[in-house]
Amino acid sequence: MPRRTTLVLLLPVWGGLIVFTALGQPLQGLLVALGGYIVLFGGGRPLRPRLRAYALAAVGLLTAVAVGMVVAGSSLLILAGYLATAFVAVFLKRWLDPGPPGAYFFVLMMGAGTLLSGSGIGVPLTLAYIALGSLLAMLVGALDAVLTRPGPPPLPRPAPFPDRVVLVRICLAVTAAMTASWLLADRHPFWTVLVVVLVLSYPGDTGQLTVRALSRLLGTAVGVLVFLPLSGLHLGTAGFVAALCVLLWFVARWTARNYLIGSVLITVLALFMSVPLMPAEPPVQLAIDRGVDTLIAGVIAFAALWLFPFRARRAQPPTPPAATP
């Protein structure tokens with residue numbers, strides 16, 4: 001990803017964090033930053049298709065977060081919300097596909113809504129701040145589309161991975177993750193769901209996704225070890241926002257290149273962001289819980305991969321034309 005593209009992706013996120021934190025509203029800044037994540041869709045497209053992708057992603061994001069906030073508090077309703085969001089997103093993808101990162105982004109955003117239910121801001125205001133972030137992202141993305149010269153058409157994608165296999169894996173894995181969280185009285189069930197969805201929704205065959213799951217487990221362990229000595233630092237509000245902005249940059253630059261390194265950075269970033277969202281829990285306990293939840297998610301992801309294997313078929317070379325007499 002070119003640095004300019006990374007900058008475009010991060011500008012609305014940085015802007016929300018910095019401006020609202022300066023106004024003494026850091027939590028609202030996180031909500032605006034969340035809305036800015038629609039810039040993940042539509043990258044590299046001309047103006048009109050890009051705006052269409054942004055609009056679809058914004059509607060899906062707001063709907064998923066609203067559902068998550070409404071069902072929060074009941075494990076059964078949360079599970080039903082996850083499964084319904086997955087089915088609806090995959091179904092609508094056939095007609096209203098906004099492009100990568102794909103339908104399961106909205107499953108994760110429904111989970112984020114369950115976390116935001118405890119913020120005390122309320123559903124209408126939460127959605128308003130997220131919508132503001134999405135609007136900023138649309139403006140920045142539109143400016144980038146106007147200034148960017150059209151590139152070559154995208155290369156054809158490799159052998160397809162059937163939606164039904166991915167959907168079955170994810171629905172069963174999410175069900176298993178929620179069940180495990182309920183049995184273990186886990187205080188952060190979303191973290192387990194997050195990992196299984198991020199691993200299983202990625203395009204790849206069973207072997208490739210197994211490597212991805214291992215990278216996630218190892219990266220999380222290293223990330224927890226990195227975070228623990230940093231958790232005692234008193235950065236202040238400005239230092240906290242600066243740390244988040246720097247981590248966001250490195251996450252955007254490295255995750256696509258090397259998922260192991262990206263998992264380390266994502267873990268540190270997620271724990272830094274969790275501290276203000278969960279002030280009643282000590283940072284060290286948050287880090288331990290994150291590690292345990294990721295381990296449980298890794299076991300579930302491995303089981304889903306090997307119970308429902310899929311190996312990509314190699315593209316067949318074109319058949320030469322028949323010789324003419």
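Predicted model: local features only at pLDDT ≥ 70, side-chain atom pairs only at ≥ 80, totals over all residues.
Residues are numbered from 1 along each chain as its sequence is written, and side-chain values use heavy atoms, without hydrogens and water. Local features need pLDDT of at least 70 and side-chain atom pairs count only at pLDDT 80 or more, whereas totals for chains, interfaces and linings use all residues.

Helix H6 covers residues 123-147; helices are DSSP runs of H or I with at least four residues, numbered from the N terminus. The end C-alpha atoms of H6 are 36 Å apart, which agrees with the 36 Å that its 25 residues should span at 1.5 Å a residue. That expected span is 1.5 Å times one less than the number of residues. Among the buried residues of H6 are Leu127, Tyr129, Ile130 and Ala137, where buried means under 20% relative accessible area (1.4 Å probe, protein chains only). The buried residues of H6 pack against helices H1 (3-22), H2 (26-35), H3 (47-71) and H5 (104-116).

Thr192 lies in helix H8 (residues 189-200). Thr192 counts as buried because its relative accessibility is 1%. Beyond its neighbours within four places in sequence, Thr192 is in contact (heavy atoms within 4.5 Å) with residues including Ala177, Asp293 and Ile296. Thr192 and Leu295 are 103 residues apart in sequence, yet their C-alpha atoms are 8.5 Å apart in space.

Val226 is placed in helix H9. With a relative accessible area of 36%, Val226 is partly exposed, a class that lies between buried and exposed (over 50%).

Technical notes. Helix = DSSP H or I, 4+ residues; strand = E, 2+ residues; numbered from the N terminus.
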